[in-house]
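Trainee: Could we go through this structure together? I would like to begin with the terms.

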Amino acid sequence: MTRGRATASIVASPVLIGAVTTLIVIVAVFLAYNANQGLPFVPTYNLRAEVTGAANLVEGNEVRVGGFRVGVIDKIGTGTKLVNGQSRSIAVIHMKLDKKVEPLPRDTTILIRPRSALGLKYVELTAGKSKQNFLAGDTIPLAQSKTAVEFDDLLNTFDFKTRQNAQDSLTGFGDAFAGRGQDINTAIQSLAPFFRYLEPVMRNLSDPKTQLAEFFKQIGRTSAQVAPVAEVQARLFGEMANTFAAIGRNPDALRATIDQTPSTEDVSIHSFRVQRPFLADFADLSRRLLPAARVLPTALPRLNSAFRVGTPIVRRSVILNERTADVLNALRDLSRDPNTLLGLTDLTTLVRSAGPLFTYLNPFESVCNYATYFLSGLGSHLSEGTPNGTAQRVQVKIDTSNSDNKFSDTGADRPPDLPSNVDPTGAVDSTGNRLYTEHGQPYTPAIDAQGNANCTAGNWGYIDRYPNSVGRYPAAPGQPDSNGSGLYNDWQAQFAGGSHVIAENNLPFLHGPTYTGLKNLKDVP
């Protein structure tokens, strides 16, 4: 009984019940007031973050990871940071995070984002992939903070007139669509067949093969080129309007034209089917000509120059063509003449008979070009003018009568020569006559035994003191005259005629001025 009475006395006390109720209300208000700062006595994972600006954040704003609330902003402070070598002010955010997100990787980034159009913000953390983590109390560096574009910054990019026009446009569209929901539904229902046919068209246009981007680029270039003649184009459209007005005045003719259009289009469709192979070949040709078209702008000036030079030549080529026709007619008459065949037969016999001679002369002509060498000298040799043309020009070299074994002496016992200690170049006797030595090469070669070029003939000048390989007359020095004249007139007794004489047919060098450049007979084409 005593226990029951005690229980009843506590419930029955109004003062005690009021005190308990007041305490509960105070605790509820305290918890509600501090809800944005985190519940008391709950452990948290505290981090700081450096950002360029607080962007209207306030204490108690949410911190989210992956879209979920994981903490709140405890307080916001300021600081300084060295950025690009200059000190600047920054904001430092203190965050209280739930223990369930601890720890965050070291490459975690921070972004302040808007939560509503009224300016409410929150902090978004994006966890990285680093194996190192932030410890409690660490700071996310400024380099890992990002800045979102504010809505008011976006609007401030437009001037007052643009913002006013945007408002007027929204108002106008709103008034246009207001109360017309049924009409819009009807229009959407009517557009369904249109979009069904539009889909394949747009698919073709979106295909990269259509090169639609190039089309608009070329349209832009075309417009730029047409701009200087805009007034002419405007006049053209005005005159076209007059033309169409004139056509509209004869409705019967226009009606007949419209009636005949379907049959005309049917013929065109059939014609296009026939033209399709041509169009395919033309497209292939155009692709092949594309490289040439690319270089045409740079090559066109040269082509224009070539055309300017070539046009007069082409005009004069008409006369050449006429003369060429005469030549071809003459060749035709020659080929039809019976004597031509006889002449060709005799020529064949001549070539066959003279084959050994041609074989022997081949290296002299092909490797050494001796014919040109001979004919060049012959031209100057037969150049003495006469009343009837030209005659042979001959200049006889007169040797000295003071020398033994002269060129003109038929009884000479050794070749004409000078002492070995006398330079034959410019040597003269006491009377001023030239003194000569013999250089005889009657049978010079064109090639050696292996067919290598050996063009000895035609070498200008003579070799001085060349030893005579025959060895019949050795070289010998001479003695000056005893009369003190300095001339060598008494050397005949000692001199044997082998000091300067050249009697070699094949000199020890291969190429002379007649050498054509062919190193061997086998190189002859």
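Mentor: Let us start with accessibility: a residue is buried under 20% relative accessible area, exposed over 50%, and partly exposed in between, using a 1.4 Å probe and protein chains only. The model is predicted, so local features need pLDDT of at least 70 and side-chain atom pairs pLDDT 80 or more, while totals for chains, interfaces and linings use all residues. Residues are numbered from 1 along each chain as its sequence is written, and side-chain values use heavy atoms, leaving out hydrogens and water.

Trainee: Is F215 buried or partly exposed?

Mentor: F215 is partly exposed, because its relative accessibility is 45%. F216 has 53% and therefore counts as exposed.

Trainee: How do the rings of F215 and F216 pair?

Mentor: Rings of Phe, Tyr and Trp (its six-membered ring) pair if their centres lie within 6.5 Å; planes under 30 degrees apart are stacked, over 60 edge-to-face, and the rest tilted. There are five aromatic pairs by this rule. One of them is F194 with F195, edge-to-face at 5.5 Å centre to centre and 65 degrees between the planes. F215 and F216 are also edge-to-face, with 5.4 Å between centres and 70 degrees between planes.

Trainee: Which residues form an aromatic cluster?

Mentor: Y360, F364 and Y370 form one.

Trainee: Changing topic, how many helices and strands are there?

Mentor: The protein has eleven helices and ten strands. Both are DSSP runs numbered from the N terminus: helices are H or I with at least four residues, strands E with at least two.

Trainee: In what order do the strands of the open sheet run?

Mentor: Eight strands line up as β7-β1-β4-β3-β2-β6-β5-β8, with mixed pairing. Two strands pair if DSSP finds at least two bridges between them. Strand β5 (residues 109–114) is parallel to β8 over three bridges, and I110 stands opposite S145 in β8.

Trainee: What about the overall figures?

Mentor: Of the 525 residues, 18% are buried. With contact meaning heavy atoms within 4.5 Å, residues 24 or more positions apart account for 63% of the contacts with a separation of 6 or more.

Trainee: Where does L344 lie, and why is L344 called partly exposed?

Mentor: L344 is found in helix α9. L344 counts as partly exposed because its relative accessibility is 48%.
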